[in-house]
Amino acid sequence: MPKLPGIKDSVLSRIWDELKHINYQQVNDKAAMTYTLCIAGTEAETDEISSWLGRIEYPLLRSVLEDKETVQAENTARMRRRLRRVKLQDEGDIAALAEEHRAMLRSALLVITTPRWATLLTPHADRVYLYEPSGAEELAEEILNDHPGEQFALSHVFPAFRTVHARREIRATAMQNAGWALFTAAPNLVPNPGQVVTIPAEALSDFVVLTVNEIKMMFELVALSGRKVQPLQCFPEMGIILGLAKLAESAATNLVGKAPGAGPAIKGGVAYAFTSAIGEAIFIYEIAGVQVGKDFLEERARVWYDEGKKTATELLDKAKKKLRN
């Protein structure tokens with residue numbers, strides 16, 4: 001009788017087979033798009049905007065970096081290649097703009113300035129955004145909303161966009177994993193003898209699919225954090241995912257996924273919560289080089305669980321409506 005492969009070997013083999021189908025180069029191509037970003041104002045104003053563009057504001061870092069809230073950009077040369085400045089002193093400067101500066105404003109993907117100059121600059125540029133320190137995060141959100149095709153290119157170069165963008169990619173993957181967890185729980189909505197067979201198969205399937213989705217998320221977080229995605233150089237991130245995912249997906253499948261009625265929503269919520277926590281762990285590693293552990297994962301999963309359960313319940317309700325129609 002042939003020897004059955006070990007679970008560990010079969011799981012890693014299936015993960016590797018799935019990863020072969022991921023076109024990570026697409027993420028690299030998005031991150032490498034060429035563009036220019038123009039900032040306009042007085043020297044002090046442009047210095048302030050430039051400084052903001054070069055920082056990551058991520059409050060969660062306080063729990064792992066001794067109360068530091070920001071990480072300064074390392075690759076300022078890359079920022080300089082994409083950044084153009086138009087320095088102004090008074091309103092007359094705009095009326096007498098040199099053709100070189102007019103061309104900068106026209107060709108830039110977007111222009112960031114302070115409220116003082118916004119109305120005067122609008123005729124010279126397609127998109128003018130207002131920078132105010134108290135609304136910096138909202139500004140990053142607005143810019144990414146208006147430029148979905150350039151999100152990776154903006155975040156790859158300018159750290160100010162990374163937190164907002166990372167949260168988006170993490171949430172998208174969390175929702176995807178919540179949906180998968182609901183799907184695999186469907187055969188178990190009504191207890192039956194077949195669960196003796198389906199539960200182990202479901203656990204294996206969940207771990208493979210959810211982990212592959214998290215690795216795809218990792219590639220996105222690597223790219224938006226300013227690095228080129230090269231899978232063979234992502235061993236630390238792979239280790240974080242495989243280590244934390246084993247705990248997370250086992251909990252999602254084996255502990256709370258089998259209760260009739262509420263079970264699938266709970267399972268989807270847990271998958272959402274742990275995926276969010278794993279995404280945060282990867283992002284922290286990318287921007288600060290710090291590896292977090294089990295305590296961080298469990299604490300952050302608890303933070304995300306309520307939102308995850310709500311999201312999973314909404315997905316489940318939509319699925320049930322489609323079945324009834």
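In this report, two residues are in contact when they have heavy atoms within 4.5 Å of each other. By that criterion, among contacts in the chain between residues at least 6 apart in sequence, 70% join residues at least 24 apart.

The model is predicted, so local features need pLDDT of at least 70 and side-chain atom pairs count only at pLDDT 80 or more, while totals for chains, interfaces and linings use all residues. Residues are numbered from 1 along each chain as its sequence is written, and side-chain values use heavy atoms, with hydrogens and water left out.

## Overall make-up

The secondary structure of the chain comes to 14 helices and six strands, where helices (H or I, at least four residues) and strands (E, at least two) are DSSP runs numbered from the N terminus. Of the 325 residues in the chain, 47% are buried; buried means under 20% relative accessible area, exposed means over 50%, and partly exposed lies in between, with a 1.4 Å probe and protein chains only.

## Helix 3 and its buried face

Helix 3 covers residues 43-53, and its buried residues are Glu-45, Thr-46, Ile-49, Ser-50, Trp-52 and Leu-53. Seen down the axis of helix 3, these buried residues fall within an arc of 160°, so they line one face of the helix; the arc is that of the directions from the helix axis to the C-beta atoms. The partners against which the buried residues of helix 3 pack include strand 1 (37-41), strand 2 (55-57), strand 4 (83-87) and strand 5 (110-113), and helix 4 (76-82) and helix 8 are also among them.

## Helix 13 against helix 14

The axes of helix 13 (residues 263-288) and helix 14 (residues 294-324) come within 6 Å and cross at roughly 135°. These axes are lines fitted to C-alpha atoms, for helices over the stretch in contact, and the angles run from 0 to 180 degrees between N-to-C directions. Helix 13 and helix 14 are therefore oblique to each other, given that angles under 35 degrees count as roughly parallel, over 145 as roughly antiparallel, 65 to 115 as roughly perpendicular and the rest as oblique. By class, the contact of helix 13 with helix 14 has 17 nonpolar, six polar and four charged residues; Ala, Val, Leu, Ile, Met, Phe, Trp, Tyr, Cys and Pro count as nonpolar, Asp, Glu, Lys and Arg as charged, and the others, Gly among them, as polar.

| Residue | Relative accessibility | Class |
|---|---|---|
| Glu-142 | 40% | partly exposed |
| Glu-150 | 21% | partly exposed |
| Asn-177 | 0% | buried |
| Tyr-285 | 18% | buried |

Glu-150 lies in the loop between helix 8 (136-146) and helix 9 (151-157).

Asn-177 belongs to helix 10 (residues 162-185), and its contacts, leaving aside neighbours within four places in sequence, are with Leu-210, Asn-213, Glu-214, Ala-271 and Thr-275. Tyr-285 is found in helix 13 and, not counting residues up to four places away in sequence, touches Pro-236, Glu-237, Ile-240, Val-290 and Gln-291. Tyr-285 and Glu-237 are 48 residues apart in sequence and 7.8 Å apart in space, C-alpha to C-alpha.
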